[in-house]
Amino acid sequence: MAAERRGTWRSRQVGSLLLFLCVSVGSAATIRYSVAEEMESGSFVANVAKDLGLEAGKLAARGARLVSEGNKPHFRLHRKTGDLFVKEKLDRESLCGKADPCVLHFEIVLVEPLQSFRAEVRVFDINDNAPIFLNKEQLLKIPESTPLGSRFPLQSAQDLDVGLNGLQNYTLSANAYFHLHTRFRSHGPKYAELVLDKPLDREGQPQVNLTITAVDGGSPPKSGTAHIRIVVLDVNDHVPQFSRLVYRAQVPENSANGSFVAVVSATDLDEGTNKEITYSLTQNPETVLQTFQIDSHTGEIRLRGPLDFEAVETYDIDIQATDGGGLSAHSKVLVEVMDVNDNPPEVMISSVSSPLPEDSPPETVVALFTIRDRDVRVGGKITCFLRGDFPFVVKPTFRNSYSLVTDRSLDREDVSGYNITLVAIDTGPPSLSTETGVEVLISDINDNPPVFQEESYILTVRENNSPAVFIGKVHAEDLDVGDNARVTYTLLPPESGDLSVFAYISINSDNGKLYALRTMDYEAIQDFQFVVKATDGGLLSLSSHVTVRVVVLDDNDNRPMVLYPLQNGTLPCNDLVPRSAEAGYLVTKVVAVDGDSGQNSWLSYHLLKATDLGLFSVQRQNGEIRTLRQITERDPMMQKLTILVQDHGQPALSTSASLNILLVDGFSEPYLQFQDVTKHSKKVNPSTKYLVISLAALSFLFLLSVTMIFTVHIYQKVKQREKFTIQEHFYDDCNFPSNLVQGGGNGSLSQPCAYEMCSATGTGNSEFRFLKRFMPNFPFPHATGEVKSENGSGLPLDSKRNRSRGPESHSRGSDDYM
């Protein structure tokens, strides 16, 4: 019967060796494999891709990798085929010791998207270890008076294999005195006892030599032997007797070395040396000898090494009591190790997705990890949470497995990375915890447009500048990083779509520096504006705009221009003054304008030359010529004046005007045909007069034709240069685009000025009347005190005088600069 059972075991073992692998998927989504120990490195285990229901190429595309529970990986995964191979030869005894079954746990982690699968491989034992006896020479001293049937425990053999491959039986060499009886321990290997079958006779045979053989259940079986030497003692008819057959003790696993475990006691009825009892732990496994020690005189058992409930829960200690005569007795001490919460939870991170895009939606998986507590019975429930306020939360996936996911939106511009502390704590008592750090970096996306430092820019450039001169810069900042923060600047035309601004301004696309491409002329353009666009370098670029206004600063580059009296190369203008005029009489007014602006256009008038410097004066501010005293009969009829008109620029520019004043007794037409008093009048023949008039007319027509051709040529050049912008009553408007120019004249006369004149004849002829032929829009005073506008409507003089002026003019009275 025993032979059949042994054959059945062997056939089962052979079958298990032939079938190395078996795969099963549990209800907890754990993939299970099995493999025999001692398989060579590179041995095939299973096809993981097939068991996961994935195509072979998907594992490589999703970055599959293995994460073992321990620090040492035992398997490797071929990503292209999905095959699982043994990385190195597996030794079940070094991996799991006596634990059965021996299971190796690992995880298969996939990314993009992040996903993990739990797997385990059970390592089956093969018969690769023979039973061995730690003590190859055992000594027993047995009195010759020992009764038949007495039992003598022997040292247990140690076999690292488990199951059928472990220790199964003992055999004893043939002899006439003893047979062998195999017994089982509640915890530990089988042990053998010698049973006395025949009385011993020291005088006949003082010593008996035996050989014990330990046999395992492998196929073929392995064995180990030890020698037993039995010394037959003289009569000592009392053996020690223990107070108990079995002693029990409980010891916490965190007890220190030297802690008391238990005490045993034995007595002997003999006298003398045969009564002296010595206690020992001779017949015990190596683990017991390394963990416990006994006082040979008192029988106290104390700890020699540390206890670990997670490794060994119960110890079965064999105690031997020997008297002075060599007789011994045996008892057992069962030590139960009490579990305490001395192991904090262990956090094992499988995978971390870092850097994480800042636009990741909530519930995005950031990390996968598992938590293990070796104190299963007393550790209680494990709680996992984050220390601090983070936009992440811990969520359980399945037993002891967790995922770290986003809880709200992320913003790299606020926080570029997180050092997350995972806290795992059990309920104890005492409560133990562990902290594990996880670093998660946030990657940037282009979610911030460039922002200019100012809402709008005002830049200045002085006219007559050199081409390509630097006039200023704009700057925009982008809160993103990398290419998303690289800003490029471009010019945009005004809303009107006029592209002429590109002929004036250029911008450096890298740093926003602005340059004037051409020389500016304040008289042609006072200011203009355009739009600068700042665009970042993101994949989906963002941009912002800012308005830039360029103000042209005036230089004193225009001389004053005298509008009245006309300086056209003909005879000086004649103004009539009655000899009855009192001091302060307004004779006329010199009218001049300056194409510049501001201080450069402020004009002052000075009397440079005069026939009589004491007769007339010129108002410095407005150019009015008045009499200083009453005119007398001795004053010459012809008065010649030269007026200097000067601006206030640096350096100042000036021009002069000449005019003649006739002192008459009254206003009449003949005085207009004035002749120099130094020449005597002569009577002229009428035919000669007509001949002179005809020649003058022909000459006038010829000069007029030449003048018109020259004027057209000059007008075209002036139009191209766009030199001046003068008040609409005196000059045509500039052709520069209206959206780039601010209107308004900058001369000293921004509005027409009206003056009251006294006429002796009442015919409406005044000193300004002859200007109508040259300046039809020039306002002339009338007896009614009104000035005719272009559309013929009459406006009061006061309303004309009080009309508001442009930003460069000054609202002053008759004493203002013009």
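This is a predicted model: local features need pLDDT of at least 70, side-chain atom pairs count only at pLDDT 80 or more; totals for chains, interfaces and linings use all residues.

Biologist: Fine. How many helices and strands does the protein chain have?

Modeller: The count is 7 helices and 52 strands.

Biologist: And what share of the residues is buried?

Modeller: Of the 818 residues in the protein chain, 41% are buried. The accessible surface is about 43900 Å², and carbon and sulfur atoms account for 53% of that.

Biologist: What about contacts across the sequence, what fraction links residues 24 or more positions apart?

Modeller: That comes to 67%, counting contacts in the protein chain with a separation of 6 or more.

Biologist: Okay, cores. Which residues have the most contacts inside the largest nonpolar core?

Modeller: Leu514, Phe530, Val532 and Val548, in a core of 27 residues. Six strands each supply at least two residues of this core: β34 (456-462), β37 (487-492), β38 (505-507), β39 (513-516), β40 (527-536) and β41 (543-553).

Biologist: Pick Val532. What is Val532 in contact with, leaving aside neighbours within four places in sequence?

Modeller: Its contacts include Phe452, Val474, Tyr489, Leu491, Ile507 and Val548. Ser544 and His545 are also on the list for Val532. Apart from that core lies another, with 26 residues, among them Ile294, Leu303, Phe309 and Val335.

Biologist: Switching to Leu404. Where is Leu404 found, and is it buried or exposed?

Modeller: Leu404 is in strand β30 (residues 401-406), and it is buried, with a relative accessible area of 0%. Not counting residues up to four places away in sequence, Leu404 touches Thr364, Val365, Val366, Ala367, Phe369, Leu386, Phe392, Val393, Val394 and Ile420.

Biologist: How far apart are Leu404 and Val393?

Modeller: They are 11 residues apart in sequence and 5.8 Å apart in space, C-alpha to C-alpha.

Biologist: Now aromatics. How many aromatic pairs are there?

Modeller: The count is 13 aromatic pairs. In one of them, Phe75 and Phe106 have ring centres 5.7 Å apart and planes at 40°, so the pair is tilted. Phe75 lies in strand β5 (residues 75-77) and Phe106 in strand β7 (residues 102-110), so the pair ties together parts that are 31 residues apart in sequence. Phe75 and Phe106 are both buried.

Biologist: Last topic, sheets. What is the strand order in the open sheet with β10?

Modeller: It runs β10-β13-β12, with antiparallel pairing. The edge strands are β10 (151-153) and β12 (178-183), each pairing on one side only. Neighbouring strands here are turned by 30° against each other on average, direction ignored.

Biologist: How many bridges join β12 to β13?

Modeller: There are 6 bridges between β12 and β13 (residues 191-196), and Thr182 has Ala192 in β13 as its bridge partner.

Biologist: And which residue takes a positive phi in the hairpin of β47 and β48?

Modeller: Gly623, near 75°, in a hairpin with 5 residues between the strands.

Terms used. Residues are numbered from 1 along each chain as its sequence is written. Side-chain values use heavy atoms; hydrogens and water are left out. Two strands pair if DSSP finds at least two bridges between them. Helices (H or I, at least four residues) and strands (E, at least two) are DSSP runs, numbered from the N terminus. Axes are lines fitted to C-alpha atoms, for helices over the stretch in contact, and angles run from 0 to 180 degrees between N-to-C directions. Buried means under 20% relative accessible area, exposed over 50%, partly exposed in between (1.4 Å probe, protein chains only). Contact means heavy atoms within 4.5 Å. Accessible areas come from the Shrake-Rupley method with a 1.4 Å probe; for residues, only the protein chains shown count as cover. A nonpolar core is a set of buried Ala, Val, Leu, Ile, Met, Phe, Trp, Tyr and Cys residues joined through side-chain atoms within 4.5 Å. Rings of Phe, Tyr and Trp (its six-membered ring) pair if their centres lie within 6.5 Å; planes under 30 degrees apart count as stacked, over 60 as edge-to-face and the rest as tilted.
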